[in-house]
Amino acid sequence: MKLMITAKGDKLESTVDERYGRGECFIIYDTDSGEFEAIRNPFLNNQGGVGVSTAQFSVEKKVDAIISGSYGPNALEILRAAQLELYKAQPGTVKENIELFKEGKLERF
């Protein structure tokens, strides 16, 4: 399964970013292999439509689930239409949230 987690850095030890569209970085983590890729948010400095652009980016990256603190209404519409699983991040690191996800302890959004 491919997860996307919003983060304040490009490492698994980075703190989760509570913002979905304005998150500093996206960590894309493969739960089967344990490999990950960090991508700086290419929409971070856009004036508007950031949530929609980020949602479309998530769909293009073919992730199965997203872990973040909050999602805007326009982004939610796209993400739900794409049938992505959405989870509410807990305070802590990306790695800690991945472990909570694997243990089934994250709340679905």
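**Notebook: strands, loops and a helix pair**

I started with T6, which is buried, with a relative accessible area of 0%. My cut-offs: buried is under 20% relative accessible area, exposed is over 50%, and partly exposed is in between, with a 1.4 Å probe and protein chains only. This is a predicted model, so I took local features only at pLDDT of at least 70 and side-chain atom pairs only at pLDDT 80 or more, while totals for chains, interfaces and linings use all residues. Residues are numbered from 1 along each chain as its sequence is written, and side-chain values use heavy atoms, with hydrogens and water left out.

**Entry 1: T6**

I placed T6 in strand β1. Helices (H or I, at least four residues) and strands (E, at least two) are DSSP runs, numbered from the N terminus. Next I asked what the side chain of T6 reaches. A polar atom of that side chain lies 2.6 Å from the backbone oxygen of D17. The side chains of T6 and S68 are joined by a polar contact of 2.9 Å. I count a polar contact as a pair of N or O atoms within 3.5 Å; within protein, one must be able to donate a hydrogen and the other to accept it, and residues adjacent in sequence count only if both atoms are side-chain atoms. I then listed the contacts of T6 (heavy atoms within 4.5 Å). Leaving aside neighbours within four places in sequence, T6 is in contact with V16, D17, R19, Y20, C25, F26, I67 and S68.

**Entry 2: S14**

I moved on to the loop between β1 (2-7) and β2 (25-30), where S14 is found. Is S14 buried or exposed? S14 is buried, at a relative accessible area of 11%. Its side chain reaches the backbone nitrogen of D10 at 3.4 Å. Not counting residues up to four places away in sequence, S14 touches A7, K8 and G9, and also G92, T93 and V94.

**Entry 3: E37**

I found E37 in strand β3 (residues 36-40). E37 is partly exposed, with a relative accessible area of 39%. I checked E37 against K11: they are 26 residues apart in sequence and 8.9 Å apart in space, C-alpha to C-alpha. With neighbours within four places in sequence left aside, E37 is in contact with F26, I27, I28 and K61.

**Entry 4: α1 and α2**

I fitted the axes of α1 (residues 50-60) and α2 (residues 73-81). They come within 8 Å and cross at roughly 20 degrees. Axes are lines fitted to C-alpha atoms, for helices over the stretch in contact, and angles run from 0 to 180 degrees between N-to-C directions. The two helices are therefore roughly parallel to each other. That label covers angles under 35 degrees; over 145 is roughly antiparallel, 65 to 115 roughly perpendicular and the rest oblique.

Which residues meet between α1 and α2? From α1 I noted G51, V52, A55, Q56, S58 and V59; from α2, N74, A75, I78 and L79. By class, this contact has six nonpolar, four polar and no charged residues. Ala, Val, Leu, Ile, Met, Phe, Trp, Tyr, Cys and Pro count as nonpolar, Asp, Glu, Lys and Arg as charged, and the others, Gly among them, as polar.

I also looked up the buried residues of α1: V50, S53, T54, A55, F57 and S58. What covers them includes β1, β2, β3, β4 and α2.

K62 is found in the loop between α1 and β4 (65-68). At a relative accessible area of 63%, K62 is exposed.

Phi of Q83 is near 60 degrees, a positive value in a residue other than glycine. I located Q83 in the loop between α2 and β5 (85-88). Q83 counts as exposed at 70% relative accessibility.

**Entry 5: K88**

K88 counts as partly exposed, at 30% relative accessibility. Where does the side chain of K88 reach? It reaches the backbone oxygen of G69 at 3.0 Å. K88 and F109 are 21 residues apart in sequence and 5.7 Å apart in space, C-alpha to C-alpha. Leaving aside neighbours within four places in sequence, I listed S68, G69, L106, E107 and F109 as the contacts of K88.
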